[in-house]
Amino acid sequence: MSDRLKALAEAGVSIWLDDLSRERIESGNLADLVKEKSVVGVTTNPTIFAGAISDGERYDDQVRELVAQGTAVDRVIFELTTEDVRNACDVLAPVHAQAPADGRVSIEVAPDLAHDTEGTIAAARDLWQAVDRANVLIKIPATEAGLPAITAAIAEGISVNVTLIFGIERYRAVMDAYLSGLEAARDAGLDLSRIHSVASFFVSRVDTEIDKRLEKIGSEEALGLRGQAAVANARLAYAAFEEVHADDRWTVLAQAGATAQRPLWASTGVKNPDYSDTLYVTDLVVADTVNTMPEKTMDAFADHGEVKGDQVTGRGAEAQQVFDRLAAVGIDFDDVLKVLEDEGVDKFQKSWDELVQTVSGQMEKAGA
């Protein structure tokens, strides 16, 4: 087992793999990662599935069967992806049995629902029922329309991975949506201990957007702030998490059996080659969080990553100073957040279009 990844897990960070394929499941690779690299969860997205389906032959038989039945492309995608997630849930079931917050596999609602509350709720129900595993998480975006969908899903006992969170104000709204859902679930007599959630706070994209603006400003002070915003933003998010979970509202729910909605650091692959390739792992170590990593980042950490203890708790004021300096050089962070959310939804849609195109191509081959 990787000593460095083991040390990261022992520091309280749940290591999730940001990748999935039928090849990984059927070859035993996913099970090996659990044993050898302390992996205790999996996240997916349409681009991941598009790559898996285009690269492997393990989907061919199922695609042929579905084509023979006259299945439409959206339903083919649904059947292929839910089968992979169901089987990955089974691989991770022993982890889940030992630590119910982990052993989790995430699957997203379709991106064209990002601004459709009722459509998102219906899609979350469909995915939850189709995968039919206690350790699945349904990914719902933290758009304004997504917030009431999060509450509704949690109220029904559906476990949720809230995705596309970039800013603290929206993150607070996500935590409120989760607590409101738990309160409704409690009032309906549901077992709160069986409802789980993570809040996926995106990291690297914040630096990418702000660094671009700092370079355009070009002053020495502005350039000196590059590579600081993403970690500072995540540290402020954790401070908000601690504040909400110290409140009486949470205490009442915890006493009723509720589990905390853990922060999940997402988009942790480093985009800038000038920065350490383990930056968004090493600098965000804190207990009771999740870090979902592409395998490249996981391998980099296994090779040379460092665990320097808790790098987050108590650093909110220091993080706020970074944003004060960014504002002083002319960075409009509210505009940054709007751009990031709009881009996030747009990238999600393009990712979905790529998946539709990939599966359509496989269907044409299967029907030829």
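Glu79 and Arg75 form a salt bridge in this predicted model, a salt bridge being a side-chain nitrogen of Lys or Arg within 4 Å of a carboxyl oxygen of Asp or Glu. The closest N and O atoms of the pair are 3.1 Å apart. Both residues belong to helix 6 (residues 73-91), where, being four residues apart, they are separated by about one helical turn. Helices (H or I, at least four residues) and strands (E, at least two) are DSSP runs, numbered from the N terminus. Glu79 is partly exposed at a relative accessible area of 26%, and Arg75 is likewise partly exposed at 41%. Here buried means under 20% relative accessible area, exposed over 50%, and partly exposed in between (1.4 Å probe, protein chains only).

This is a predicted model in which local features need pLDDT of at least 70 and side-chain atom pairs count only at pLDDT 80 or more, while totals for chains, interfaces and linings use all residues. Residues are numbered from 1 along each chain as its sequence is written, and side-chain values use heavy atoms, with hydrogens and water left out.

The structure holds 27 salt bridges. One of them joins Glu26 to Arg58, with 2.8 Å between the closest N and O atoms. Glu26 lies in helix 2 (residues 22-27) and Arg58 in the loop between helix 4 (46-55) and helix 5 (60-68), so this pair ties together parts that are 32 residues apart in sequence. Glu26 is partly exposed, at 48%, and Arg58 is also partly exposed, at 34%.

Arg226 and Glu215 meet in a further salt bridge (3.6 Å, N to O). Because Arg226 lies in the loop between helix 12 (220-223) and helix 13 (229-244) and Glu215 in helix 11 (residues 204-217), the pair ties together parts that are 11 residues apart in sequence. A network of salt bridges links Glu209, Lys212, Arg213 and Asp335.

The strands may be considered next. Eight of them close into a barrel in the order 1-2-3-4-5-6-7-8, with parallel pairing; two strands pair if DSSP finds at least two bridges between them. From one strand to the next, the twist averages 30°. Strand 1 (residues 13-17) and strand 8 (residues 289-293) run parallel and are joined by five bridges. Leu17 stands opposite Met293 in strand 8.

Helix 8 (residues 117-131) lies across strand 3 (104-108) and strand 4 (136-141), running at about 165° to strand 4. Axes are lines fitted to C-alpha atoms, for helices over the stretch in contact (heavy atoms within 4.5 Å), and angles run from 0 to 180 degrees between N-to-C directions.
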